[in-house]
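Reader: Could you walk me through this one before I set anything up?
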Amino acid sequence: MPAAKKINFLHLSTLIAVAILVGTEMVGASWAAGWALGGLLQLEPMVSHILEALFALCGFVLLFYFMRLAVKHESIRE
């Protein structure tokens, strides 16, 4: 069996910081977009909350794909 590669903690901490920073921006902006559209179109509060949740879900999906690509380029293992 090949020996397990060591974890590069500098790369790991960079990826965690990027996940927090980009995740906050992406999910927050998408949630705010749902809130803004709900207010702009004068939708019912329940419909507006559903729209916010759908936009936030889109933000989480985008974050997932972004982090998958980030881990691919900034490998954790040495």
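Author: Let me begin with a term: a residue counts as buried when its relative accessible area is under 20%, and as exposed when that area is over 50%. This is a predicted model, and of the 78 residues of the chain, 19% count as buried.

Reader: What does the secondary structure come to, and what is the radius of gyration of the chain?
Author: The chain has two helices and zero strands. Its radius of gyration is 18 Å, whereas a compact globule of 78 residues would have one near 12 Å, and the C-alpha atoms fill a box of roughly 60 × 25 × 15 Å along the principal axes.

Reader: Which residues of H2 are buried, and what do they pack against?
Author: Helix H2 covers residues 45-73, and its buried residues are Ser48, Glu52, Ala56, Gly59, Leu63, Met67 and Ala70, which pack against helix H1 (9-40). In an α-helix there are 3.6 residues a turn, so residues three or four places apart point the same way.

Reader: And leucine 54, how accessible is that one?
Author: Leucine 54 lies in helix H2 and counts as partly exposed, because its relative accessibility is 46%. Leu54 also belongs to a nonpolar surface patch with Met46, Ile50, Leu57, Val61, Phe64 and Tyr65, which together have about 730 Å² of accessible area.

Reader: Switching to the backbone, what is phi of glutamine 42?
Author: Phi of glutamine 42 is near 50°, a positive value in a residue other than glycine, while most residues other than glycine have a negative phi. Glutamine 42 sits in the loop between H1 and H2, and counts as exposed because its relative accessible area is 70%.

Technical notes. Residues numbered from 1 in each chain as written. Predicted model: local features only at pLDDT ≥ 70, side-chain atom pairs only at ≥ 80, totals over all residues. Heavy atoms only, no water. Helix = DSSP H or I, 4+ residues; strand = E, 2+ residues; numbered from the N terminus. Expected span 1.5 Å × (residues − 1). Buried < 20%, exposed > 50% of the residue type's maximum accessible area, 1.4 Å probe, protein only. Contact = heavy atoms within 4.5 Å. Patch = residues over 30% accessible without salt bridge, like charges linked within 9 Å, V, L, I, M, F, W, Y side chains within 5 Å. Areas by Shrake-Rupley, 256 points an atom, 1.4 Å probe, with all protein chains shown as cover. Salt bridge = Lys/Arg side-chain N within 4 Å of Asp/Glu carboxyl O. Rg over C-alpha atoms; globule rule 2.2 N^0.38 Å.
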